[in-house]
Amino acid sequence: MNLATPLAALFAAIGRPVLAALTSIGRVTLFAGAIVGHILRPPFYLREFGQSVLQIGWFSLPVVGLTAIFTGGALALQIYAGGSRFNAESVVPSIVAIGMTRELGPVLGGLMVAARVASSIAAEIGTMKVTEQIDALVTLSTNPLKYLAVPRVLAATLAMPVLVAVGDAIGIMGGWLVGITRLDFNSAAYLKNTADFLEPWDVGSGLVKGAVFGFIVALMGCYHGMNSARGAQGVGAATKAAVVSASVLILAANYLLTEVFFSA
Amino acid sequence: MITLTGVQKSFGANRVLAGVNLTIPSGQSMVIIGGSGTGKSVLLKCILGLVRPDGGQITLDGQDVTKADRDAFLARFGMLFQGGALFDSLRVWENVAFRLLRGAKALPKADAREIAIGKLRRVGLKPEVADLFPAELSGGMQKRVGLARAIAAEPEIIFFDEPTTGLDPIMAGVINELIREIVVEMGATAMTITHDMSSVRAIADRVAMLHAGVIQWTGPVSELDATPDPYVQQFIHGRATGPIASVR
Ligand SMILES: Nc1ncnc2c1ncn2[C@@H]1O[C@H](COP(=O)(O)OP(=O)(O)OP(=O)(O)O)[C@@H](O)[C@H]1O
Ligand SMILES: [Mg+2]
């Protein structure tokens, strides 16, 4: 029997998805580069930017706040239960604060915003694509990338750190609420413990993560929207791809950033 | 003058344009006819650079359109899309005034709005419509807003993709007259796609029929009825039998 044929089939089976993945990475990178290149060049679409800040930042506050308060509360319970195994219940306030600011605030906030914003951006831009609105923009001498993608990406990148900061504060408050109502902590002592142990970089690193995650969310929404296939099915697929890719990229970027920021 | 030479376009295995040769003289009204799905819309999009042809050359006043400065090139064009393609996040008047509100020669809001309302009136829409959103309009009204947007900046060259489909006969008459006026009075070059034979006769200086990826016939509208071309004859008389298969 000729061995070359199954071997070639094997290589093809491995090679095809790898090549497809590399192609997508290349295209997304070019797309991101084009957006960044346009940010500082006029014309600037301030109205679109303002609307994006409202949509992405302001209207995401409730979902980010709710996520944070429940997470902070659960975190306090878990750390108390775990800490009591070696008489270290007193670490609850500081670990809640560090856990929220460094990890859970940005990551869970990012994932919630990915679900909310990446999907809506992809659906909106995808619908514009399939109803020829993007073509119409071009014929009206307007660069769709500049008019649609740049304001959204910029707004998400700037709004996300603010959302993370709000989420951090609400998450710590959630921990504090559980601490003083369920775990017999003294309110003033809890807050003092939080303030004493929390370092600026704990918060700062989380905000930087937030900016990166915001960029990823809007980038994925715009990229998949603009590359949507035709018809309602195309828009559905684009929306799904935007949320999934934004979520996975957020988790991957989170690991990389944590490595960069905190590994000795 | 727009010249197409051997323009080709395929989507996968679907060969849509197979070498289109066509000249659209300046200041004239060219009407493209042809069966549904023969690539008329794709042809317009190729000229505008929205679809990249696989082969052939398109020139505007002798200059290759792919080598022209995009902004200056597009500033000379207006386009009515088959589906209207209105921006649904913007109000009707903002849609119409889109180009007037942006760019180096942007007008103040109040002036742009006034022009927009004037253009809406020309397509038979009342000023009250100006502050609605496109989703609040009927299909035919949306089409007319798209038309108003295409002519708002008074471009030299205007493409109309089925301007009268979905309109009642009276409104279709108004639109035909408007297109004719734009060509005669403003000296614009128009390229219109239509299936409506009364529109063809009302609008056209010249007619071109697209079939099987090529221009099957082209000539002045006065010769349309007399041409012996069997494709044209079948098309203009709407016969089910003839050289054009009815299942495509
Ligand atoms: N973006 C695209 N991707 C794939 N195929 C396309 C695309 N655009 C058009 N086509 C195909 O090209 C062919 C011609 O389409 P086009 O819209 O130009 O037809 P048309 O002549 O305008 O028809 P109608 O009179 O019904 O509007 C069709 O078979 C269509 O499926
Ligand atoms: Mg068409």
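## The shell around ligand 1

Let's start with the ligand: 15 residues surround ligand 1, the closest being Ser36(B), Gly37(B), Lys40(B), Ser41(B) and Gln82(B), where a residue is near if one of its heavy atoms lies within 4 Å. Ligand 1 sits between chains A and B. This is a predicted model, with pLDDT of at least 70 needed for local features and 80 or more for side-chain atom pairs, while totals for chains, interfaces and linings use all residues. Residues are numbered from 1 along each chain as written, chains are lettered from A and ligands numbered from 1 in written order, and side-chain values use heavy atoms, without hydrogens and water.

## Oxygen atoms of the ligand

A polar side-chain atom of Gln82(B) is 2.7 Å from one, a side-chain N or O atom of His195(B) is 2.9 Å from one, and a polar backbone atom of Val42(B) is 2.9 Å from one.

## Where the two chains meet

Contact (heavy atoms within 4.5 Å) involves 16 residues of chain A and 22 residues of chain B. Together the chains bury about 1600 Å², 56% of it on carbon and sulfur atoms; buried area is the accessible area, with a 1.4 Å probe, that two parts lose on being put together, summed over both.

The interface holds 2 salt bridges, each a side-chain nitrogen of Lys or Arg within 4 Å of a carboxyl oxygen of Asp or Glu. One of them joins Arg47(A) and Glu94(B) at 2.9 Å, N to O.

Notes
A polar contact is a pair of N or O atoms within 3.5 Å; within protein, one must be able to donate a hydrogen and the other to accept it, and residues adjacent in sequence count only if both atoms are side-chain atoms.
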